[in-house]
Amino acid sequence: MAAGRTTVLGYPRIGQRRELKRATEAYWSGKIDATALLDTAASLRRQTWETLRDAGLDEIPSNTFSLYDQVLDHAVLVGAVPPRFRQLTGLDRYFAMARGVTGAPPLEMTKWFDTNYHYLVPEVGPDTVFRLDEEHVKPVEEYHEAAALGLDTRPVLLGPLTFLLLAKPAPGAPEGFRPLDLLSPLLDVYADLLGRLADVGASWVQLDEPALAADRSPEELALLRAAYDRLGSSPRRPKLLVATYFGPIREALGVLAATPVDGLALDLVAGAEDATRVASAGLSRRRLVAGLVDGRNVWRTNLPQALAVAASLLGSVDELMVGTSCSLQHVPLDVSLETSLPEELRGRLAFARQKVDEVVLLGRALREGREQISDELAQAEAARTRRPPGTVDARVRARLAALGDGTPRGDYASRVRARSATNPLPLLPTTTIGSFPQTSEIRAARADLRHGRIDEATYKARMRAEIDKVIALQEDIGLDVLVHGEPERNDMVQYFAERLTGFACTESGWVQSYGTRYVRPPILYGDVARPEPITVEWTTYAQSRTTKPVKGMLTGPVTMLAWSFVRDDQSLAETARQVALALRDEIRDLEAAGIRHIQVDEPALRERLPLRSADQPEYLRWAVGAFRLATSGVADTTTIHSHMCYSEFGEIVDAIDALDADVVSVEAARSRMELVHDLARTGYRRGIGPGVYDIHSPRVPTVEEIEDALRLALAALDPAQLWVNPDCGLKTRRYEEVVPALRAMVEAARRVRATLHPAPAPAR
Ligand SMILES: CN1c2c(nc(N)[nH]c2=O)NC[C@@H]1CNc1ccc(C(=O)N[C@@H](CCC(=O)N[C@@H](CCC(=O)N[C@@H](CCC(=O)O)C(=O)O)C(=O)O)C(=O)O)cc1
Ligand SMILES: N[C@@H](CCS)C(=O)O
Ligand SMILES: [Zn+2]
């Protein structure tokens, strides 16, 4: 048995200085041509391969690069191109599928499992003819490119089962059609592709099947078996490594072991329990890539513990390789780019580049014996276990213990009565989700402040001028509940993290969120407290510029955690309570300053729902508890709003109700108000603002289509429940799109309002 060769399942592709974003956006705006974009892409790929080779990895993946999204790449590769894009070719078609063009809306975008990465949802219908994109067989091209550097890489493909499970039925597909129905013709294409990869010399291919980390039906497991029996028996093929990640695969392990696949990669971090299944799984003639280094968090690996897990697997497989739990695309590139993190914290961190070193070190320990690396191990352990000062805040802990779950708010009906007396609003009140366009002037002002080109007072004056503009615009458009527009926020999570203790923020720790939009997830390493009010000054300034109510805007506890890298030395539930307490204080201060509407955004509530249904109730219990802890301290006259987006909410309608928010705004435009109907069926009686148009597209909606959306919602709701708002914040849009879209929205609300007689009692 061989042990100790090393690999990773994938690597960040965006470049040290966000070269991919800059080149792609320059291409979109016509500043560079396709050749320049593709040159940048090729140079990023080369850098990655050389880095991984020089770090000493034994097997390097390829086809992990993408100009926009790996699922989109795969859809194009296998010919799943919806008819509306077929008159286009090459890059034009690729980016049109991602971003839409006139007359052809883009593919839908949604969360990649429980991560903050978003993929484009393939559309598959009975008319889809799977066929390899002959012009551009990307995995073969990338294999060649790496081969020119002397590397026999392992091409990475999305596996057939996961691809079809992630796809949605194409528009117009008959009721009951499922993309999985097309597994057999899809497998023909995979067999063809495997043949071509074998022909060019690939020894191994990685087929990613993360869908196996979620509950799978007996039928799906049977299809899994059939798929890999079939691919395994392809006459010409490289060896097949099926990679799973984001959790344990449980019964699927035995199913895969019964097929002729040559190896498995298991996530032994999020799916640690699978380690105990390996011995009896029948893998004695296979390769196992043990995913021992966490691809989802930034902490150094507990190397002795990882070695103990590896040791427990020796003897059960033919080859034991060391690897990462998943692709490293979900973590930032390199800690060494950070210059201002507290030193003790920095020492505990491992970003993608450092994780590769950890994999290599673990490999050496397995090959050469642990004693050969004892110095490196001792140093790594010393750095990992050092605690930065300020990790424990006794005051926060005592306050939380005293508060327990907090006292629940009064019943909803009393709140409605209290508000209609003190803050009446028209029926179908109009509002927005918070952010207005983040213009280049706003970003440039922030960059000027960072580089010392302007002082704090000048920066604040510019932000206040922006707020003046945003307030005046909303008054002119005729919105009912206004927002300050969030100009001062670099990001809805990072902004708060920068102002709370217990969080550290990076300078260069960019992670792709979707396409050319990246985020720098903060690092939550210690107890969380709020040294001083965060948003009160901006919100009250905005309120001073208008007599209409201004809605305060905060990011909720679950989202703060979901979009950060979170400490692993206490439960998420406990950490969420600390964030909730800080928000509770902020809400109290906003309320004391006269703010009557406060929105606590929880767009990540659904995203972090555990992939296994058995684990979901416990998560929802603490997630909802944290939201309620943050929001339950307010008077009946204060309206608590929440907002969610980017996900399918059908599974969490009860939790949405349990938040006890007065109004919840949700993404609904693309799903034709499905959620509204789901909520209404469960007896949801509070306010709801189903997004009436899709802010992810530059397209300006017509008044008529927004009216239609509102009428569709009213088919399920009492008019007193309905709020009118876009799908999400407007930060990624331009004013040229925002102004006509909001005017259309307000006009549609007016028209629908006029048809509602007699007016029912307002209930918000
Ligand atoms: C709601 N969404 C969010 C998610 N996660 C978050 N953490 N935050 C979110 O808002 N997940 C789900 C969705 C994902 N959606 C988005 C939407 C938009 C972005 C985005 O626009 N990202 C920006 C970076 C934002 C930021 O940090 N801005 C900073 C720095 C800006 C910058 O690059 N400055 C330049 C210089 C200035 C200039 O001249 O332009 C520089 O430093 O070089 C800031 O505003 O200060 C992006 O550009 O990708 C992300 C997720
Ligand atoms: N208030 C935030 C929510 C985004 S999910 C915004 O408007 O951008
Ligand atoms: Zn949103």
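I began with helix α22 (residues 572-592), which lies across β16 and β18 and runs at about 55° to β16. I note that the model is predicted.

Next I looked up the sheet to which these strands belong. I found three strands forming an open sheet in the order β13-β16-β18, with mixed pairing. I recorded that β13 (501-504) and β18 (565-566) stand at the edges with a single partner strand each, so one side of each has no neighbour in the sheet. I then examined how β16 (residues 523-529) is joined to β18: the two strands run parallel and are linked by two bridges. I also saw that Leu524 stands opposite Val566 in β18.

I turned to ligand 1 and asked which residues are closest to it. Among the 20 residues that surround ligand 1, the closest are Arg443, Arg446, Asn490, Arg517 and Val519. I listed α17 (440-450) and β15 (517-519) as elements that each supply at least two residues of this shell. The largest share, five residues, comes from α17.

Finally, I consulted the UniProt record, an unreviewed entry, which places the feature "active site" at His696. I located His696 in the loop between β22 (687-690) and α26 (703-714). Is His696 buried or exposed? I counted 23 C-beta neighbours inside 10 Å of His696.

How values were computed:
Residues are numbered from 1 along each chain as its sequence is written. Chains are lettered from A and ligands numbered from 1 in the order in which they are written. This is a predicted model: local features need pLDDT of at least 70, side-chain atom pairs count only at pLDDT 80 or more; totals for chains, interfaces and linings use all residues. A residue is near a molecule or strand if its C-beta atom, placed from the backbone, lies within 6 Å of it. Helices (H or I, at least four residues) and strands (E, at least two) are DSSP runs, numbered from the N terminus. Two strands pair if DSSP finds at least two bridges between them. Two residues are in contact if their C-beta atoms, placed from the backbone, lie within 7 Å. Axes are lines fitted to C-alpha atoms, for helices over the stretch in contact, and angles run from 0 to 180 degrees between N-to-C directions. UniProt positions are given in the numbering used here, feature names are shortened, and annotations may be inferred rather than shown by experiment. A residue is buried if 20 or more other C-beta atoms lie within 10 Å of its own, exposed if 12 or fewer, and partly exposed in between; C-beta atoms are placed from the backbone.
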